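Keep the viewer open as you read.

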Amino acid sequence: MTTSAGDIKREQSRNGLVVTRITQFIGKMNIAPLPRNYELIYEILSGHNPAMGRDILALGNAPQQHEIDIIGQRHNLPGFSRIEAEQMAATAFETLNQISARLEAGLQRSETFVTSLAEEDHDEPPSLERLAQMGDIREEQTSLKHFISMGLMKIREVEKRRAELQANSLRDALTALPNRPAFLEKLEDLFSGDQAPSATSLVLLNIDHFREINGKYGPTAGNKALRRFATLFRKTIKKDDFVARIGGNEFAFLFAGVSQNTAEAIAERLRQNVAALRFVTSEGEGEHLTVSIGVAAVDGTTTPAEFFSHAELALLSARCGTRNCVIGYSRDVAQHSRSSYLAQLGC
């Protein structure tokens, strides 16, 4: 099935409808129109996380932002995880400030005591007042030691939690694969060295007509299929390879030390493995899903955006054709993809 101008217009219409629904939901619930709240409501309305939807509705009308933040953090949404990570860092910093202040106060008191002690007549036995001061300082030092020990323990716990949040912010909640930010970070790292990257191939995979599956069987069946795809893809890659879910029904693979021809062969095996799967629905029916795949090599590209765009053009060519196929990037493919896209837009 080819992608027509009508398909593109319908897709744009659906996207506009999603934005409208999110805005209406936020207005109806009296939720602050913050970017992270849009992220949360999108996850709910798209059917990706029904449990989170129930948690939000349980808050009632006009929930407090901190209540929403707790739910977003509980379900590991990237925007909310970053907020909590920032809070954790602020807590650790405040704890260090408290330790520093206690240490400074303790040192000043000890120095004052030592100075006054040096000025006294040492032939006389220490007075009861002096003995009491010595006892107070000893007690203060014991308390300070305990305070520092507890403070350092708190900082270690905070840093552990912050590391967990950082990891969660780069993981797709549904499939547990790395997410789009993690993928983009990986692309940036690829081009961050002094020398141009080489022998790396990028594979973009799109599940054909996935929206129709969601419409026919519901988002629960669609989510189950996505998780099964993720399991298959995770088993397919090797140790130095990388796979991420970068969109609703789109996945990206980075194959290190692999030429474009070899990557195309790997992609073809992926396509065949997916076609062989049978997805059982709640009605007991079976569906065989297919995928369209675009492949590009890093050679000849100078930026992450250029590398990614080559793979996108190859994927667009696969989707504009028969679908259920693998297309490798070339100049001819790029020109054909651009021409097809402009023609569909009526340009």
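How many aromatic pairs does a search of the whole structure find? There are 6 aromatic pairs in the whole structure. One of them is formed by Phe229 and Phe233, a tilted pair with 5.7 Å from centre to centre and 35° between the planes. These two residues sit 4 residues apart in helix 9 (residues 219-236), so about one helical turn separates Phe229 from Phe233.

Before going further, please bear in mind that this is a predicted model. Mean pLDDT for the protein is 79, with 80% of its residues at 70 or more. Residues 1-5 are a place for caution: pLDDT stays under 50 there, although the model gives this stretch 16 contacts beyond four places in sequence. Where pLDDT is low, predicted coordinates should not be read in detail.

Now back to helix 9 and its partner. Two packed helices are described by the angle between their axes and the distance between the axes. For helix 9 and helix 10 (residues 260-276), the angle is about 145° and the axes lie 11 Å apart. The crossing of helix 9 past helix 10 is right-handed. Both members of the tilted ring pair take part here: Phe229 and Phe233, along with Leu232 and Thr236, meet Leu270, Asn273 and Val274 of helix 10. Sorted by class, this contact has 5 nonpolar and 2 polar residues, and no charged ones.

Helix 3 passes helix 4 in a right-handed crossing. On the helix 3 side you will find Met52, Asp55 and Ile56, which meet Ile68, Ile71 and Arg74 of helix 4. The contact of helix 3 with helix 4 counts 4 nonpolar and 2 charged residues, and no polar ones.

Which way does helix 2 lie against helix 4? Helix 2 (residues 35-45) packs on helix 4 at an angle of about 55°, with the axes 11 Å apart, and that makes helix 2 oblique to helix 4. The crossing of helix 2 past helix 4 is left-handed. Arg36, Asn37 and Leu40 of helix 2 make this contact with Gln65, Ile68, Asp69 and Gly72 of helix 4. By class, there are 2 nonpolar, 3 polar and 2 charged residues.

Technical notes:
Residues numbered from 1 in each chain as written. Predicted model: local features only at pLDDT ≥ 70, side-chain atom pairs only at ≥ 80, totals over all residues. Heavy atoms only, no water. Left-handed = near helix turned anticlockwise from the far one by under 90°. Contact = heavy atoms within 4.5 Å. Nonpolar A, V, L, I, M, F, W, Y, C, P; charged D, E, K, R; others polar. pLDDT = per-residue confidence, 0-100. Phe/Tyr/Trp six-rings, centres within 6.5 Å; stacked < 30°, edge-to-face > 60°. Axes fitted to C-alpha atoms, helices over the stretch in contact; angles between N-to-C directions. Parallel < 35°, antiparallel > 145°, perpendicular 65-115°, else oblique.
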